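Please read the points below with the model open beside you. They are written for someone new to this kind of reading, and each takes up one topic.

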Amino acid sequence: QVQLVESGGGLVQAGGSLRLSCAASGSIFSINAMGWYRQAPGKQRELVAVINSSGSTNYADSVKGRFTISRDNAKNALYLQMNSLKPEDTAVYYCRLVLHLDDVWGQGTQVTVSS
């Protein structure tokens, strides 16, 4: 029913920027929260940033001050602006949509930051 598609990943040099997008399609009624996660090689998937229904945001300490999560409710879209990228930001980034009785993940988009 609901599908998420991430885009905007790619290769960037350290200090550069990328903007990730997540487009949701299908029958969406109520959204509890939306978030970005990432998984680097050899590491567990971790929360990067989350935005709840009230618009409040939370970030991993490693990205605070550099990343900004935002949403467009009319378009059912989620964004992650990533600035001052570091090699340790290299990972597959996933979009997550938390619904009342469902949890939907995107396929992921690769972000590679060269030193």
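Is Lys64 buried, partly exposed or exposed? With a relative accessible area of 48%, Lys64 is partly exposed, where buried means under 20% relative accessible area, exposed means over 50% and partly exposed lies in between, using a 1.4 Å probe and protein chains only.

1. On the basis of the model. This is a predicted model, in which local features need a pLDDT of at least 70 and side-chain atom pairs count only at pLDDT 80 or more, while totals for chains, interfaces and linings use all residues. Residues are numbered from 1 along each chain as its sequence is written, and side-chain values use heavy atoms, with hydrogens and water left out.

2. On the disulfide. A disulfide is a covalent bond between the sulfur atoms of two cysteines, and it is assigned here to a pair of cysteine sulfur atoms within 2.5 Å. By this rule the count is one disulfide, formed by Cys22 and Cys95 with their sulfur atoms 2.1 Å apart. The pair links distant parts of the chain, since Cys22 is in strand S3 (residues 18-25) and Cys95 is in strand S9, 73 residues apart; strands are DSSP runs (E, at least two residues), numbered from the N terminus. The torsion about the S-S bond of Cys22 and Cys95 is about -80°, so the disulfide is left-handed. Cys22 is buried at a relative accessible area of 1%, and Cys95 also counts as buried, at 0%.

3. On the salt bridges. Side chains of opposite charge can pair when their charged atoms come close, and a salt bridge is taken to be a side-chain nitrogen of Lys or Arg within 4 Å of a carboxyl oxygen of Asp or Glu. The structure holds five of them. One is formed by Arg38 and Asp89, whose closest N and O atoms are 3.0 Å apart. This pair links distant parts of the chain, with Arg38 in strand S4 (residues 31-39) and Asp89 in the loop between S8 and S9, 51 residues apart. Arg38 counts as buried because its relative accessibility is 6%, and Asp89 is buried with a relative accessible area of 1%. Arg38 and Asp89 are also linked with Glu46 and Arg66 in a network of salt bridges.

4. On two further salt bridges. Lys64, with which this note began, meets the side chain of Asp61 in a salt bridge (3.2 Å, N to O), and Asp61 is exposed, with a relative accessible area of 65%. The side chains of Arg96 and Asp103 meet at 2.5 Å, N to O. Arg96 counts as partly exposed at 21% relative accessibility, and Asp103 is partly exposed at 33%.

5. On charges over rings. A charge is said to sit over a ring if NZ of Lys or CZ of Arg is within 6 Å of the ring centre and within 35 degrees of the ring normal. The charged end of Arg19 sits over the ring of Tyr79, 4.5 Å from its centre, and that of Arg45 sits over the ring of Tyr94, 3.7 Å from its centre.

6. On the backbone. Most residues other than glycine have a negative phi. Asn76, however, is not a glycine and has a positive phi of about 50°; Asn76 lies in the loop between strand S7 (67-72) and strand S8 (77-82), and is partly exposed at 23% relative accessibility. Ser84, likewise not a glycine, has a positive phi of about 50°. Ser84 is placed in the loop between S8 and strand S9 (91-99), and is partly exposed, with a relative accessible area of 41%.

Definitions and conventions
Helix = DSSP H or I, 4+ residues; strand = E, 2+ residues; numbered from the N terminus.
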